[in-house]
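Subject: Model for you to look at

Hello,

Here is the model I promised. Please open it alongside this email, then read on for what I found.

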Amino acid sequence: MQPRNMSMSGVVDLAAVKAAQEAKAKAEQTRAEAARQGGGGAVSPADLVIDVDEAGFERDVLQRSAEVPVVIDFWAEWCEPCKQLSPVLERLAVEYGGRFLLAKIDVDANQMLMQQFGVQGIPAVFAVVAGQALPLFQGAASEAQIRQTLDQLVQVAEQRFGLTGLTVDPDAEPGGTEPAEAPVGPYDALLNAAALALDAGDLGGAVQAYRNVLADDPAHPEAKLGLAQAELLQRVQNLDPQKVRQEAAEKPADAPAQIAAADLDLVGGHVEDAFGRLIDTVRRTVGDDRDSVRLRLLELFEVVGAEDPRVAAARRALARALF
């Protein structure tokens, strides 16, 4: 298979001024939150090349792409050209010193991801920058071609999205890319206040109490869950269910209508209906509408809990809808 080299014009097209500003702001917010939680420190060179599967794709690729461009190498053990290309990419990941992260995906073990990216043959190399998937090249390529493409990628990632990459320390222990556990403070009083406010129907008070905890401890699991639940109840308390459902039925591609209906679905215990509704809407929408639906779906994941198998299934379906 001949190499199909891609220019970086797709990145520029995706990075229209507004989208670039929003992505840059999100990236800065992600880095600031990682720093507050004790993350964002130097990583080992070994952490610049990671193996990724379907279960960890959102965490290891989509979320990390808000910090650093993620280059994806689709490969297989039986693929001879892959055995020539992969070592070059791994060496360059270290040489570039954290300006991109290399994610290796075995297509035999991750057929779903291969289909989502529309991979027709391997080796195939893509990038994800601030959540945007971009084709780089397919088939064998010379090191000079690879370097040129990577140079364009890291330049656009920095200029358009503010992604300056990771700090690498040769003496750091491997595995240092995971954020450190944030210390948990004595928040019993605030959590009790939130529970009392919920019991009294004071949703605004509960939301504020949970936010007060998260202002000091952004990773506090109980406060994150409580805030997500209180905000959901706050959103639906004044809705007319009949009107909301009628509007959602009449406007299947209307993001606000489907978001409101999904909130009602979840409050009513119809978890899979809520998730399915929003995933279908992601497929039907573009731009800001699509992003608003995706963000609401992520909020509903928080309400249900990351360990729930319905959340895991919905995350995979969302990745398929996005790519």
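Start with helices H4 and H6, which are oblique to each other. This is a predicted model, in which local features need pLDDT of at least 70 and side-chain atom pairs count only at pLDDT 80 or more, while totals for chains, interfaces and linings use all residues. Residues are numbered from 1 along each chain as its sequence is written, and side-chain values use heavy atoms, with hydrogens and water left out.

**H4 and H6**

Two packed helices are described by the angle between their axes and the distance between the axes. For H4 (residues 80-95) and H6 (residues 143-161), the angle is about 45° and the axes are 11 Å apart. Axes here are lines fitted to C-alpha atoms, for helices over the stretch in contact, and angles run from 0 to 180 degrees between N-to-C directions. Angles under 35 degrees count as roughly parallel, over 145 as roughly antiparallel, 65 to 115 as roughly perpendicular, and the rest as oblique. Helices (H or I, at least four residues) and strands (E, at least two) are DSSP runs, numbered from the N terminus.

The crossing of H4 and H6 is right-handed. Right-handed means that the near helix is turned clockwise from the far one by less than a right angle; left-handed means anticlockwise.

Which residues of H4 and H6 meet? From H4 come Leu-85, Val-88, Leu-89, Arg-91, Leu-92 and Glu-95. From H6 come Glu-143, Ile-146, Arg-147 and Leu-150. Contact means heavy atoms within 4.5 Å. The residues of this H4 and H6 contact divide into six nonpolar, no polar and four charged. Ala, Val, Leu, Ile, Met, Phe, Trp, Tyr, Cys and Pro count as nonpolar, Asp, Glu, Lys and Arg as charged, and the others, Gly among them, as polar.

Leu-85 sits in H4. Is Leu-85 buried or exposed? Leu-85 counts as buried because its relative accessibility is 4%. The cut-offs: buried is under 20% relative accessible area, exposed over 50%, partly exposed in between (1.4 Å probe, protein chains only). Leaving out residues up to four places away in sequence, Leu-85 touches Pro-123, Val-125, Phe-137, Gly-139 and Ile-146. Its C-alpha atom is 9.2 Å from that of Trp-75, ten residues away along the chain.

Most peptide bonds are trans. The bond from Ile-122 to Pro-123 is cis, with omega near 0°.

Take H10 and H11 next. Their axes come within 8 Å and cross at roughly 130°. That makes H10 oblique to H11. The crossing of H10 and H11 is left-handed. H10 brings Pro-241, Val-244, Arg-245, Glu-247 and Ala-248. H11 answers with Ala-257, Gln-258, Ala-260, Ala-261, Leu-264 and Asp-265. By class, the H10 and H11 contact has seven nonpolar, one polar and three charged residues.

H11 (residues 255-267) also packs with H12 (residues 271-284), at an angle of about 165° and with the axes 7 Å apart. H11 and H12 are therefore roughly antiparallel. The crossing of H11 and H12 is left-handed. In H11, the residues that meet H12 are Ala-255, Gln-258, Ile-259, Ala-261, Ala-262, Asp-265 and Leu-266. In H12, they are Val-271, Asp-273, Ala-274, Arg-277, Leu-278 and Thr-281. The H11 and H12 contact has eight nonpolar, two polar and three charged residues.

**Two glutamines**

Gln-116 lies in H5 (residues 111-116). It counts as buried, at 6% relative accessibility. Gln-116 and Ala-319 are 203 residues apart in sequence, yet 7.6 Å apart in space, C-alpha to C-alpha.

Gln-237 lies in the loop between H9 (221-236) and H10 (241-250). It is partly exposed, with a relative accessible area of 47%. Its C-alpha atom is 9.4 Å from that of Leu-203, 34 residues away along the chain.

**The whole protein**

The secondary structure comes to 14 helices and five strands. Of the 323 residues, 44% count as buried. Among contacts with a separation of 6 or more, 73% join residues 24 or more positions apart. The protein exposes about 16,000 Å², and carbon and sulfur atoms supply 50% of that. Accessible areas come from the Shrake-Rupley method with a 1.4 Å probe; for residues, only the protein chains shown count as cover.

Best wishes
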